[in-house]
Amino acid sequence: MIERTLTCIKCPLGCQLSVTVDDAGAVTVTGNTCPRGAAYGEEEVVRPMRTVTGSVRVSGGELPLCSVKTAGDIPKDRIFEVMKEIRSVRLTAPVEIGQTVIEDAAGTGVAVVATRSVR
């Protein structure tokens, strides 16, 4: 059995959640005041996901770096793999906001995109 206490981050209330996963895999979430809290508590214990942000080097641009982020959430245990890929990227200006920088970050199926333009 797994038991965790979390603070919900899905709305400003910050409910204190208690999440229990029994030996059969059934998840119970208490302490939430809305359905979003229950969904957050279950996901955070069973399969935590994160958005990853970073910077990549840009050659020939007005700035030496361009901020990037994953276009969606990735499994928390894959963050370091994604960051390693992001660190290896080198772009040449111009870079447009929303431009895909990595198609499939570390095999997660999630793209990494530029979050600013660099002329």
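At 36% relative accessibility, glutamate 96 is partly exposed (buried denotes a relative accessible area under 20%, exposed over 50%, and partly exposed the range in between, with a 1.4 Å probe and protein chains only). Glutamate 96 forms a salt bridge with arginine 119, the closest N and O atoms being 2.4 Å apart (a salt bridge requires a side-chain nitrogen of Lys or Arg within 4 Å of a carboxyl oxygen of Asp or Glu). Because arginine 119 lies in the segment after strand 10 and glutamate 96 in the loop between strand 8 (90-92) and strand 9, the pair ties together parts that are 23 residues apart in sequence. Helices (H or I, at least four residues) and strands (E, at least two) are DSSP runs, numbered from the N terminus.

The model is predicted, local features need pLDDT of at least 70, side-chain atom pairs count only at pLDDT 80 or more, and totals for chains, interfaces and linings use all residues. Residues are numbered from 1 along each chain as its sequence is written, and side-chain values use heavy atoms, with hydrogens and water left out.

The structure holds 3 salt bridges. In one of them, the side chains of arginine 50 and glutamate 44 meet at 2.7 Å, N to O. Arginine 50 is partly exposed, at 26% relative accessibility, whereas glutamate 44 is buried, with a relative accessible area of 9%. Another salt bridge joins the side chains of glutamate 81 and arginine 78 at 3.0 Å, N to O. Glutamate 81 is partly exposed, with a relative accessible area of 39%, and arginine 78 is likewise partly exposed, at 22%. Side chains of opposite charge can pair when their charged atoms come close.

Glutamate 44 also belongs to the buried residues of helix 1, which are Gly37, Tyr40, Gly41, Glu44 and Val45. Seen down the helix axis, these buried residues fall within an arc of 115 degrees, so they line one face of helix 1 (the arc is that of the directions from the helix axis to the C-beta atoms). The face turned away from the buried side carries the exposed residues Pro35 and Val46. The buried residues of helix 1 pack against strand 1 (2-7), strand 2 (16-21), strand 3 (27-30) and strand 4 (49-50), where contact means heavy atoms within 4.5 Å. The 12 residues of helix 1 (residues 35-46) should span 16 Å at 1.5 Å a residue, which agrees with the 17 Å between the end C-alpha atoms; the expected span is 1.5 Å times one less than the number of residues.

In helix 2 (residues 79-88), Val82, Met83 and Ile86 are buried. They cover an arc of only 100 degrees around the axis, so they lie on the same side of helix 2. On the other side of helix 2, Phe80, Lys84, Arg87 and Ser88 are exposed. The cover over the buried residues of helix 2 includes strand 5 (53-59), strand 6 (65-70), strand 7 (74-75), strand 9 (100-102) and strand 10 (112-114).

The largest nonpolar core has 21 residues, and those with the most contacts inside it are Val56, Ile86 and Val101. A nonpolar core is a set of buried Ala, Val, Leu, Ile, Met, Phe, Trp, Tyr and Cys residues joined through side-chain atoms within 4.5 Å. Two or more residues of this core come from each of strand 5, strand 6, helix 2, strand 9 and strand 10, and helix 2 gives the most, with 3 residues. Beyond its neighbours within four places in sequence, valine 101 is in contact with Val56, Val68, Val89, Leu91, Val112, Val113 and Ala114. A second, separate core of 9 residues includes Leu6, Cys15, Tyr40 and Val45. In soluble globular proteins, nonpolar side chains tend to be buried together.

Threonine 70 is found in strand 6 and is buried, with a relative accessible area of 0%. The side chain of threonine 70 reaches the backbone oxygen of glycine 72 at 2.8 Å. Leaving aside neighbours within four places in sequence, the contacts of threonine 70 include Arg50, Val82 and Val112. Lysine 69 also lies in strand 6 but is partly exposed, with a relative accessible area of 33%. Lysine 69 and threonine 51 are 18 residues apart in sequence and 7.1 Å apart in space, C-alpha to C-alpha.

Technical notes. Polar contact = N/O pair within 3.5 Å; in protein donor to acceptor, adjacent residues only side chain to side chain.
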